[in-house]
Amino acid sequence: MSNQPVQLVIIGGGPAGYTAALYAARAGLHPILYQGPQPGGQLTITGDVENYPGYRNGVMGAVMMEDFQAQAERFGTIIKEGSITKVDFSIYPRLLIVDSGEHVLARSVIIATGASAKWLGLPSEKRFYGKGVSACAVCDGFFFKNETVVVVGGGDTAAQESLYLAKLCKTVHLLVRKGQMRASKIMQERVFKRSNIEIWFHTEVKEVLGQTVVEAIEVIHTLSKKITTIPATGFFVAIGHQPNSLPFFPYMAVDSQGYIQIQPGTTKTNISGIFAAGDVQDAHYRQAVTAAGTGCMAALDAEHFLQNYEDII
Ligand code: NDP
């Protein structure tokens, strides 16, 4: 371990982390950014992003994240591979331990670790993971060309996954547990218009069936209790996300779902000099543009903290 603390470590390489890095680097804070297990974050496993301002024709999520990274690097951000698996926020400077075993001391930290896909929690879903079960249509949809697949979820992610799969697959069965979708109007309209997307309202998954790979999905109608078996080779879970806040649990104030709590209107957490940006602290908006916005706020908050840190600690 180097005994020299760095000014700022940014944990996470999604829109929030890279934007924080851009601002912090331009402010001369020489930030080090750890990209985490999925460099580029969730946008690298999505398709076209149509709602990020400035890209008038839309942009592939992965390409957009390459742009974010390059812009942060241009001003001197040091980008490192690896995840922070353990921290000690009880000491100052703060101690961060990377999965490689490297120890880093930091005067300030921005947590921008994002969120990960949720799973239903069925043993059969786990058993068939990678054998027909997926949480990423863009990554795995190709394997189900001209086949029948099932998507579960009623939000924008489920709508987007269904639309993507509908272009490749023969039929997409979309299972929505309530009587309506939660997805935005425009996404719902696109889903309703696709003739090869069949929507099943009031429907939950009972079991993923098959010998060695997915062969069918057993579902139950929650009102009539009727059980149906839908033959399908692919099963895509798109039921939302959970915050990647686990390594910080012993120290951080989090809400009941694990989202890091921040002081309203800021990115300040319950610990001096530790800031949170993006989906790890946002259960509500969860957009690339809002994540980038809070990344900017976190860098400005960190800069202000560092100007005064000896007085505060
Ligand atoms: P959401 O939390 O918005 O939706 C999750 C959906 O999954 C809900 O319909 C929910 O049902 C359903 N669900 C949750 N748990 C279960 C379960 N155990 N069984 C069955 N269904 C379940 O998550 P999303 O990932 O869809 O979206 C997150 C955010 O990202 C949103 O703000 C969204 O607008 C945004 N987004 C925007 C996109 C775009 O603009 N192109 C694309 C993708 C995401 P219920 O409604 O009954 O609670």
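Me: How far is an oxygen atom of the ligand from an N or O atom in the side chain of N51?
Reply: Keep in mind that this is a predicted model. N51 is listed among the closest residues to the ligand. A polar contact needs a pair of N or O atoms within 3.5 Å, and the pair between the N51 side chain and a ligand oxygen is at 3.0 Å.

Me: Which distances separate a ligand oxygen from the polar side-chain atoms of R182 and R286?
Reply: Both arginines place a polar side-chain atom by an oxygen of the ligand. For R286 the distance is 3.5 Å. For R182 it is 2.5 Å.

Me: What share of the ligand's accessible area does the protein cover?
Reply: Happy to take that one! On its own, the ligand has 910 Å² of accessible area. Of this, the protein covers 79%.

Me: How do the residues of the shell around the ligand divide into nonpolar, polar and charged?
Reply: The ligand is surrounded by 18 residues, including D156, T157 and R177. Sorted by type, they comprise five charged, four nonpolar and nine polar residues.

Me: Which helix gives the most to that shell?
Reply: The closest residues include D156 and T157. Residues 156-168 form the helix in question, and three of its residues belong to the shell. The helix is α5.

Me: Which domains does the shell draw on, with at least three residues from each?
Reply: The chain is divided into two parts, 6-116 + 241-312 and 119-237. Each of them supplies at least three residues to the shell. The answer is therefore both domain 1 and domain 2.

Me: How much area do domain 1 and domain 2 bury between them?
Reply: Their C-alpha centres lie 32 Å apart. Six residues from domain 1 and six from domain 2 make the contact. Carbon and sulfur atoms hold 47% of the buried area, which is about 450 Å².

Definitions and conventions:
Residues are numbered from 1 along each chain as its sequence is written. This is a predicted model: local features need pLDDT of at least 70, side-chain atom pairs count only at pLDDT 80 or more; totals for chains, interfaces and linings use all residues. Side-chain values use heavy atoms; hydrogens and water are left out. A residue is near a molecule or strand if one of its heavy atoms lies within 4 Å of it. A polar contact is a pair of N or O atoms within 3.5 Å; within protein, one must be able to donate a hydrogen and the other to accept it, and residues adjacent in sequence count only if both atoms are side-chain atoms. Accessible areas come from the Shrake-Rupley method with a 1.4 Å probe; for residues, only the protein chains shown count as cover. Helices (H or I, at least four residues) and strands (E, at least two) are DSSP runs, numbered from the N terminus. Ala, Val, Leu, Ile, Met, Phe, Trp, Tyr, Cys and Pro count as nonpolar, Asp, Glu, Lys and Arg as charged, and the others, Gly among them, as polar. Contact means heavy atoms within 4.5 Å. Buried area is the accessible area (1.4 Å probe) that two parts lose on being put together, summed over both.
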